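Biologist: Could you take me through this structure, one question at a time?

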Amino acid sequence: MSYESSGEYIKHHLTNLTFGQKADGSWGIAHSAQDLQEMGFWAINLDTMGFSILLGVLFLWGFRRVAKKASTDVPSGWQNFVEMIIEFIDESVRGSYSGTSKLVAPLALTIFVWVFLMNAMDLIAVDLVPWLASPIAPYLKIVPSTDPNITFGLSLTVFALVLYYSFKFKGPGGFFAELAFHPFPKWMFPINLVLEGVTLIAKPVSLALRLFGNMYAGEMIFILIALMYSGGWALGLFGGFLQLGWAIFHILIITLQAFIFMTLTIVYLDMASQETH
Amino acid sequence: MNFNATLIGQMITFAVFVWFCMKYVWPPLMAALEERKTRIADGLAAAERGKKDLELAKSRASEDLKEAKQQAQEIIAQAQKRASEIVDDAKGKAEQEAEKIKTAASADIEQEINAAREQLRKQVAAIAVAGAEKIIEREIDAEAHSKVLEELATQI
């Protein structure tokens, strides 16, 4: 695939493979920005959604295999690794979540491993998979967490759980009281409501944007470094070193972002399930 | 940043994955971990118990050994006592026997002496009679003077 300019290259790498209804009424894959515009909301990003599901299934399959034949004998290999993660998650949840919900720990495990896997797609060379898939897919973004749809999908589900827990543990009255009678005296409740409302809404938004922003920026840097390969051998060599350095640093970021997403989810749910403020 | 139905798709996928994880992944793994924990705790407790038992057995064994030694000592002491008793007894008996033999021997000797004395007396009497016969130069009526002669003999 050849590009007219580096701008084109970057733009191409940041476009999703989207499936939806085109302006003429037929269903198909968007080939241009205009197509995308016309498809509107009811379109689906085949690439990020597909990789997201693929990675999730991979995670569940890998863990389910261990769970099915989990033995109390000396663990080996994969089981050992899985148990290490499980214990890590369990410890995190015990440390941050004071309730006794059966949902929070599996939720945290799913978030941590799934988000980590989605982020880890960033470490695959930026051009490799799109190039392999170029005969059938005009665009391909392989890192699901660089798609705001994916990160907001996660954070909004978490937000729904936060609301559900708030209603369940505090009751509608208690939840309203928490939003309205704090931090100022009761008679100023409209101001309180606005302030606390913003705080509440900021939770899912910050959760999603943090992950998206980190991964999007990381991906962007990988793309920019990849651009250097077309600038002669000296620049290319320098780019190679940069890529290696950034990839090593990125291992830290992808793990950290997965961990932060998980920890904040636990903390939000803990705050939601506390009965008194 | 253009939002589309991927958002909803991701939410549904997320919910399904969490449900699956909660139902089929987390509980069995957690149960296995808990079970292993208790097993390890049991094993450690058993090891501790075994150690204590060993300690106990050791102390008991050493006690037994001490007792056995003491008993052996006692037995040896008794045996020695008994041996010396037997020796003493044997000595006493031997002395008695020796005494008896000595007494018997001295009685025999006494008898012998008496017999010899008797014989001697008789012979003296006979010699006296013979002497007297010679002196008197005639035969004396032995029967008539035997009484006198007997008297004479006892005086010797």
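Biologist: Which side chain meets that of R36(B) in a salt bridge?

Modeller: This is a predicted model, in which local features need pLDDT of at least 70 and side-chain atom pairs count only at pLDDT 80 or more, while totals for chains, interfaces and linings use all residues. Residues are numbered from 1 along each chain as its sequence is written, chains are lettered from A in the order in which they are written, and side-chain values use heavy atoms, without hydrogens and water. A salt bridge needs a side-chain nitrogen of Lys or Arg within 4 Å of a carboxyl oxygen of Asp or Glu, and here the N to O distance is 2.8 Å, the partner of R36(B) being E83(A).

Biologist: How many residues of chain B are in contact with chain A?

Modeller: Contact means heavy atoms within 4.5 Å. By that rule 55 residues of chain A touch chain B, and the number on the side of chain B is 29.

Biologist: Which three residues supply more than any other three of the area that chain A buries against chain B?

Modeller: Buried area is the accessible area (1.4 Å probe) that two parts lose on being put together, summed over both, and the two chains bury about 3700 Å² between them, 75% of it on carbon and sulfur atoms. Of the area that chain A buries, 18% comes from L60(A), T72(A) and N149(A).

Biologist: Is I8(B) buried, partly exposed or exposed?

Modeller: Buried means under 20% relative accessible area and exposed over 50%, with partly exposed in between (1.4 Å probe, protein chains only). Since the relative accessible area of I8(B) is 33%, this residue is partly exposed.
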